[in-house]
Amino acid sequence: MKLVPLFDKVVLKQLVAEETTKSGIVLPGAAKEKPQQAEVIAVGPGGVVDGKEVVMQVKAGDTVIYSKYSGTEVELDDEKYVIVKQSDILAVVE
Amino acid sequence: MKLVPLFDKVVLKQLVAEETTKSGIVLPGAAKEKPQQAEVIAVGPGGVVDGKEVVMQVKAGDTVIYSKYSGTEVELDDEKYVIVKQSDILAVVE
Amino acid sequence: MKLVPLFDKVVLKQLVAEETTKSGIVLPGAAKEKPQQAEVIAVGPGGVVDGKEVVMQVKAGDTVIYSKYSGTEVELDDEKYVIVKQSDILAVVE
Amino acid sequence: MKLVPLFDKVVLKQLVAEETTKSGIVLPGAAKEKPQQAEVIAVGPGGVVDGKEVVMQVKAGDTVIYSKYSGTEVELDDEKYVIVKQSDILAVVE
Amino acid sequence: MKLVPLFDKVVLKQLVAEETTKSGIVLPGAAKEKPQQAEVIAVGPGGVVDGKEVVMQVKAGDTVIYSKYSGTEVELDDEKYVIVKQSDILAVVE
Amino acid sequence: MKLVPLFDKVVLKQLVAEETTKSGIVLPGAAKEKPQQAEVIAVGPGGVVDGKEVVMQVKAGDTVIYSKYSGTEVELDDEKYVIVKQSDILAVVE
Amino acid sequence: MKLVPLFDKVVLKQLVAEETTKSGIVLPGAAKEKPQQAEVIAVGPGGVVDGKEVVMQVKAGDTVIYSKYSGTEVELDDEKYVIVKQSDILAVVE
């Protein structure tokens with residue numbers, strides 16, 4: 001089974017946030033309050049959303065930063081995803 | 001009796017959420033706080049909604065994920081349904 | 001006396017919700033928190049509402065489901081009505 | 001002195017709500033929580049309101065039902081009025 | 001010094017609200033919760049406000065009723081004024 | 001260093017509000033709750049803001065009244081400024 | 001790794017706010033409640049955002065003041081950034 005997003009929706013898979021201190025110690029991250037890095041899994045077709053043409057700018061495989069508190073958590077086949085609108089994606093990490 | 005949705009409304013029938021643990025044990029699901037898988041039962045004709053043209057993208061029989069907290073619960077002939085706007089549907093499950 | 005709704009307003013008369021259990025026992029319904037079945041009594045002429053053309057899709061005599069918490073209760077000649085906007089009507093029951 | 005409403009504003013004079021029970025006993029009404037019957041006293045000229053053309057549909061002398069909680073109470077020469085926008089008027093009583 | 005309002009702003013001077021009882025006794029008014037009668041002192045030029053053309057309908061010297069809770073109190077040369085948008089003016093008193 | 005506002009932003013410098021009583025006694029003003037007189041320091045170029053053309057009507061040197069609670073306080077080189085949108089300016093004092 | 005903002009987003013790096021008293025004593029700043037000076041690190045391409053054409057006015061290297069409470073904090077490679085919409089930038093410091 002796979003998720004096929006509608007319109008301007010984007011399916012993300014959150015990357016596990018491990019924090020590394022400056023001295024190099026790795027702390028497994030919980031980081032609930034901080035914006036999220038995620039991998040783009042699937043991208044909707046865009047089109048007219050709420051009367052406005054939306055062109056999709058991200059593609060599957062991109063690593064992105066998305067706005068905290070946005071999106072809906074989804075669980076499918078024991079995997080967790082977040083579905084956001086493209087406008088909740090702030091930046092691509094290259 | 002059947003429900004014929006107006007405009008961009010979609011009639012959904014929630015799928016019973018049974019959770020399977022990784023070891024294979026099936027837990028009957030309550031999962032009230034999580035987004036919902038549902039089957040599309042009926043789809044409105046679309047058209048001009050709030051001054052904007054809406055084209056319907058889902059069809060009866062689709063399994064969809066819809067936004068939690070959206071929609072209105074309806075009971076007809078002892079069956080429960082949820083009526084949502086198409087824009088509250090996040091993704092189709094294929 | 002009768003109610004003649006303006007613009008996109010629809011006058012509804014709530015149907016008494018009697019709940020029937022699966023074994024056939026009829027329970028007189030209170031069901032305050034649940035969406036409502038109602039009969040359409042009168043329909044406004046539509047036209048330009050808030051700058052947008054609205055075409056009326058329901059007609060007197062239809063049984064409809066309308067969004068809970070919407071509408072205004074009105075009492076006229078000892079009869080109770082609810083006046084809603086057409087966009088608060090979710091589906092027609094056929 | 002008289003009130004001349006601007007744009008899409010309508011001056012109403014609330015009708016005293018006397019409740020009659022089915023057995024014919026008249027109860028002087030307080031009915032604070034219920035929508036209001038009112039007589040239209042004066043009607044604004046309509047025109048472009050918030051960038052949208054508004055055509056006035058009610059006229060002085062009409063009895064109307066208006067949305068509860070809308071409007072502004074005004075007192076002039078010991079008479080009380082309510083000034084509402086035409087869109088707060090739900091129906092005309094004929 | 002004088003106040004020259006911008007765009008659709010209107011400078012008002014609140015009229016002292018003295019209440020007269022039916023028996024003719026004059027009560028000096030405080031009337032804080034009630035809509036206000038005011039004299040129009042100065043009127044902005046109108047024009048495009050928030051992307052919409054606004055034509056001014058009131059003029060200096062008019063007595064108007066304005067919406068309670070709207071506007072900003074201003075003090076200049078020991079005189080108190082209220083600056084409102086024209087759309088907060090409900091009616092002219094003639 | 002100087003502040004160059006973008007779009008429809010205006011840099012203001014608040015005038016010290018000294019209150020004079022009717023008998024002529026000057027009270028140094030704190031007047032936190034009251035709308036503010038300010039001098040215009042710099043004016044943005046206007047242009048398309050949120051999809052709407054904005055033409056700037058105030059200029060550096062003007063004394064203006066602006067809406068209380070609007071704007072953002074900025075400190076630069078030990079001087080305090082307030083940056084507002086032009087639409088938060090109510091009137092020019094001449 | 002670098003952040004490539006989408007649409008009208010701008011990546012900022014907050015400048016450390018050191019406060020200097022009038023007598024010349026430097027206080028290391030915390031200044032959490034005050035608007036922020038920041039350096040522009042990266043600027044999105046602009047384009048159609050929410051149905052409206054946005055042209056970017058700031059460029060990498062600019063020192064800007066942005067609206068307090070706006071933006072999303074991001075951490076990448078042990079560096080902290082804030083991503084804002086261009087419309088949350090109030091002024092350029094020259």
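1. Let's start with the area between chain D and chain E: in this predicted model, about 1,600 Å² is buried between the two chains, and carbon and sulfur atoms give 63% of that. On the chain D side, the residues that lose the most area to chain E are Leu6(D), Phe7(D) and Thr72(D), which together make up 31% of what that side buries.

2. Now for the polar side of the story. Between chain D and chain E, 4 residue pairs are in polar contact, counting pairs with both residues at pLDDT 80 or more.

3. Do have a look at the charged pair. The interface of chain D and chain E has 1 salt bridge. Lys52(E) and Asp50(D) join through their side chains in a salt bridge, with 3.4 Å from N to O.

4. Finally, the strands are worth a visit. β1(D) pairs with strand β11 of chain E, residues 89-93, in the antiparallel sense, and the pairing runs over 3 bridges. Within it, you can find Pro5(D) opposite Ala91(E), a residue of β11(E).

Notes. Residues are numbered from 1 along each chain as its sequence is written. Chains are lettered from A and ligands numbered from 1 in the order in which they are written. This is a predicted model: local features need pLDDT of at least 70, side-chain atom pairs count only at pLDDT 80 or more; totals for chains, interfaces and linings use all residues. Side-chain values use heavy atoms; hydrogens and water are left out. Buried area is the accessible area (1.4 Å probe) that two parts lose on being put together, summed over both. A salt bridge is a side-chain nitrogen of Lys or Arg within 4 Å of a carboxyl oxygen of Asp or Glu. A polar contact is a pair of N or O atoms within 3.5 Å; within protein, one must be able to donate a hydrogen and the other to accept it, and residues adjacent in sequence count only if both atoms are side-chain atoms. Two strands pair if DSSP finds at least two bridges between them. Helices (H or I, at least four residues) and strands (E, at least two) are DSSP runs, numbered from the N terminus.
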